[in-house]
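Open the model in your viewer and keep the selection panel at hand. The tour goes stop by stop.

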Amino acid sequence: MDKNNLKIRFDYNNMMDKFVGSKEGIKDSDILEMTPFAKNAYDTFESIRGTGMTGWANLVNYNKEEIDDIVNCAEDIRKNYEYFVVLGIGGSALGPIAVFQALCHLHYNDLPSEKRNGPKFYVEDNVDPERMVALLDVIDVEKTMFNVITKSGSTSETMTQYLIINDILTKKLGDKAKEHIITTTSSSKGNLIKISKKEGYKTYFIPDAVGGRFSELSPVGLLPAAVLGVDIYEFLDGAKFMNEICSSSDLDKNPALMSALLSYISLRRGKNISVMMPYADGLKYIADWYCQLWAESIGKEVDKKGNLVFEGQTPVKALGVTDQHSQVQLYTEGPFDKVTTFLAVDEYRKIVKIPDGCEDIPDVNFLCGHTMNELIQAERVATEYALTVKNRLNRTIYLPILNAFTLGQLLFFFELETAYMGEMLGIDTYNQPGVENGKNATYALLGRNGYDAKREELNNAPKKDDKYII
Ligand code: PA5
């Protein structure tokens, strides 16, 4: 494999004044002026890499034996189970969902087993009771491996799912229930590790220095991917390749740093919304994964010094071409508050020719002889153009083809961009006090010990007024 032929490319032409006009566009001189600022963000990140919660950046230097163990375990699951179910939420679910969509057949679960060549795959990332019942309607728990994933080992949603599944398994299988559960959690903190030791579950560890939304390259993402038959060495090597590409503070050499700087400049100019718009169904859930990464990492009330800053840029997911018929009207004519990132694929994994037909209707017949590939590319180029002529900032990341290696690059690109952006904003990229507050309020409402003060706080909150419910 020639890595350089598979290198993803970051095209930011349409962020620049030459293309979107001098009022909205960024000038070369703006970038030049901010080069020391970007270099400082890079240097700061490099100085803390691997410490605190930045352990994710070192996951690319993987230990082959650990990965071999995941691959062997996955092979065993592929042979012996008909269903593989991830129980997890947030960073413990969005990566597996994104990789499943990106690297598997788009109707994978509907394929006959001989074409799938592995278990049916589900990621349950909600506690809607209807969804739990629906899952149980379509799987046979006795033929299922459940992967319970939670870094903290205490997230109510995941622990609820675990309790339900473990109860069902134990009633059906007694002691053999443990052969149907693999846990992925912190080795040192939380309840799941205690439960895993007590029950004797096979357990994979999420390093303490790796937070949920940065954990896709840890066993959180690697075991589900390997169960799906993804080459996780190539996936990791893609991320490693992006890490090498970005190993310079020179903006012209480091695409993630350039992307972060452009995000920073646009945010400071009122672009409060970041639209992620892949032009490939396979990349649809990368937009969801990105939304969590960007929202939870960048959206912060205080900076590192404790000053109120209310930072953040709202991520929005869209899908090309589908959302051309839904969102693009707003993107081209609405407020100048957005930056759009298109994800393009040079070569789709399939080619579909549009057959001849409707010879007597030229307005339909013009499509004939083309391919769907040409159509989707033309629509992407046309949308990019429509935004650009309306002076809307946009950029495109090109994947030569969608595979494990390019996907690894893409995810690592966004992780690095997020890390640099966090340093530029001077915020703690890796905490999520807003999420924790909601988690604690849930614990209080459900009567968990140690949450009396929070319960009191909730009881004292203003009660809803019927006047405003009509
Ligand atoms: O990024 C994060 O840390 C969070 O979004 C978590 O992924 C999410 O809250 C789930 O947490 P856990 O993996 O501890 O169950």
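How many salt bridges does the structure hold? It holds 25, a salt bridge being a side-chain nitrogen of Lys or Arg within 4 Å of a carboxyl oxygen of Asp or Glu. This is a predicted model, where local features need pLDDT of at least 70, side-chain atom pairs count only at pLDDT 80 or more, and totals for chains, interfaces and linings use all residues. Residues are numbered from 1 along each chain as its sequence is written, and side-chain values use heavy atoms, with hydrogens and water left out.

**Stop 1: a salt bridge.** Select arginine 268 and glutamate 311. Their side chains meet in a salt bridge, 2.7 Å from N to O. Arginine 268 sits in helix 12 (residues 255–268) and glutamate 311 in strand 9 (residues 308–311), 43 residues apart. Helices (H or I, at least four residues) and strands (E, at least two) are DSSP runs, numbered from the N terminus.

Stop 2: Five strands form an open sheet in the order 1-12-11-7-10, with mixed pairing. Two strands pair if DSSP finds at least two bridges between them. Strand 1 (9–11) and strand 10 (314–317) are the edges, each pairing on one side only. Now select strand 11 (residues 338–347) and strand 12 (residues 394–401). They run parallel, joined by seven bridges. Threonine 340 stands opposite asparagine 394 of strand 12.

**Stop 3: helices on the sheet.** Show helix 13 (residues 284–298). Helix 13 lies across strand 7 (273–278), strand 10 and strand 11, and runs at about 170 degrees to strand 10. Angles run from 0 to 180 degrees between N-to-C directions, with axes fitted to C-alpha atoms, for helices over the stretch in contact. Contact means heavy atoms within 4.5 Å.

**Stop 4: a helix pair.** Select helix 4 (residues 64–80) and helix 10 (residues 219–227). Their axes come within 8 Å and cross at roughly 40 degrees. The two helices are therefore oblique to each other; under 35 degrees counts as roughly parallel, over 145 as roughly antiparallel, 65 to 115 as roughly perpendicular and the rest as oblique. In helix 4, the residues in contact include Ile67, Ile70 and Cys73. Helix 10 brings Leu222 and Leu223, among others.

Stop 5: Most residues other than glycine have a negative phi, and most peptide bonds are trans. Select asparagine 117, in the loop between helix 6 (113–116) and strand 3 (120–124). Its phi is positive, about 65 degrees. Finish at glycine 320 and valine 321, joined by a cis peptide bond with omega about 0 degrees. Valine 321 lies in the loop between strand 10 and helix 14 (328–333).
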